[in-house]
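Reader: I would like a close look at a single part of this model, with the cut-offs stated. Please keep it plain.

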Amino acid sequence: MEGGSVEARKVMVVADPSRESSGALQYALAHAIQDGDTLVLLHVENPGAWKNPFGALFKYPASPGRGGGQISSAAAEGERDVDFIDGMKRVCSAAKPKLKVEVEKAETAEGRDKASMILAHSEACKIDLLIIGQRRTTLSNSLLGPRRGLSLRGFDTADYVVENSQCKCVAVQKKGQNGGYLLNSKLHKNFWLLA
């Protein structure tokens with residue numbers, strides 16, 4: 001680090017229309033991304049999976065006066081699958097206008113799961129820091145720890161990605177509106193970061 005400059009990094013956030021992914025993006029923008037970094041939003045789609053109706057959370061601006069009026073429900077249904085990515089990009093440009101944002105999309109193939117697709121894309125894109133949203137843990141998981149095994153069955157995708165990632169990886173759980181974040185990495189488990 002000569003002359004006080006910091007080397008630009010590639011930071012990947014796993015993007016989907018969930019509360020966990022939204023929390024991961026908020027954490028990345030507030031605490032992980034620095035000037036000059038590139039943010040990669042990775043969306044891994046499972047073509048056979050049930051479509052999540054919460055994608056509309058990222059769709060349109062909050063106030064009806066912005067964005068030009070009402071959109072028909074048929075048009076909204078057709079665009080729901082990808083509009084959360086546009087919403088995430090808008091959040092990024094509002095928080096960090098000079099941030100370079102790239103979007104990667106992948107589809108799970110036969111015999112491959114979401115976690116292995118995330119790991120493969122993070123390696124292919126030469127990611128320096130991978131951030132993934134993590135579901136709130138159940139009481140049994142927090143007391144006994146996640147079940148380890150050869151398959152992902154019963155094993156949280158975020159835990160698997162953290163443990164098997166070749167780059168630095170952080171699983172993020174947002175706690176309340178102003179409650180901070182619960183972070184998990186290979187070295188630190190259940191680390192609280194107050195907002």
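Which backbone nitrogen does a side-chain oxygen of Asp113 reach at the start of H3? Please go on from there to the surroundings of this helix.

Author: The backbone nitrogen is that of Ala115: a side-chain oxygen of Asp113 comes to within 3.1 Å of it at the start of H3. A polar contact here is a pair of N or O atoms within 3.5 Å; within protein, one must be able to donate a hydrogen and the other to accept it, and residues adjacent in sequence count only if both atoms are side-chain atoms.

This is a predicted model, in which local features need pLDDT of at least 70 and side-chain atom pairs count only at pLDDT 80 or more, while totals for chains, interfaces and linings use all residues. Residues are numbered from 1 along each chain as its sequence is written, and side-chain values use heavy atoms, with hydrogens and water left out.

Helix H3 covers residues 114-124. Helices (H or I, at least four residues) and strands (E, at least two) are DSSP runs, numbered from the N terminus. In H3 the buried residues are Ala115, Ser116, Met117, Ile118, Leu119, His121 and Ser122. Buried means under 20% relative accessible area, exposed over 50%, and partly exposed in between, with a 1.4 Å probe and protein chains only. These buried residues pack against the strands S1 (10-14), S2 (38-45), S3 (100-107) and S4 (129-133), and against helix H5 (157-164). Contact means heavy atoms within 4.5 Å.

Just after H3, Lys126 has a positive phi of about 55°. Cys125 is buried, at a relative accessible area of 13%. The structure has zero disulfides, a disulfide being a pair of cysteine sulfur atoms within 2.5 Å. Cys169 is accordingly in no disulfide, and the nearest cysteine sulfur, that of Cys167, is 6.2 Å away. Cys169 is buried too, with 7% relative accessibility.

Ser165, in the loop between H5 and S5, touches Leu119, Leu130 and Lys186, not counting residues up to four places away in sequence. Ser165 counts as buried, at 2% relative accessibility.

Next, the nonpolar cores. A nonpolar core is a set of buried Ala, Val, Leu, Ile, Met, Phe, Trp, Tyr and Cys residues joined through side-chain atoms within 4.5 Å. The largest has 23 residues, of which Val13, Leu25, Tyr27, Leu39, Leu41, Ile131 and Val172 touch the most other members. At least two residues of this core come from each of S1, H1 (19-32), S2, H2 (73-95), S4, S5 (168-174) and S6 (181-184). H1 gives the largest share, six residues. Apart from this core lies another, of 20 residues, including Met117 along with Leu42, Ile127 and Cys167.

There is one aromatic pair. Rings of Phe, Tyr and Trp (its six-membered ring) pair if their centres lie within 6.5 Å; planes under 30 degrees apart count as stacked, over 60 as edge-to-face and the rest as tilted. The ring centres of Tyr27 and Tyr181 are 5.5 Å apart with the planes at 70°, so this pair is edge-to-face. Tyr27 is in helix H1 and Tyr181 in strand S6, 154 residues apart. Tyr27 is buried at 10% relative accessibility, and Tyr181 at 5%.

As for the whole chain, its secondary structure comes to five helices and seven strands. Buried residues are 38% of its 195 residues.
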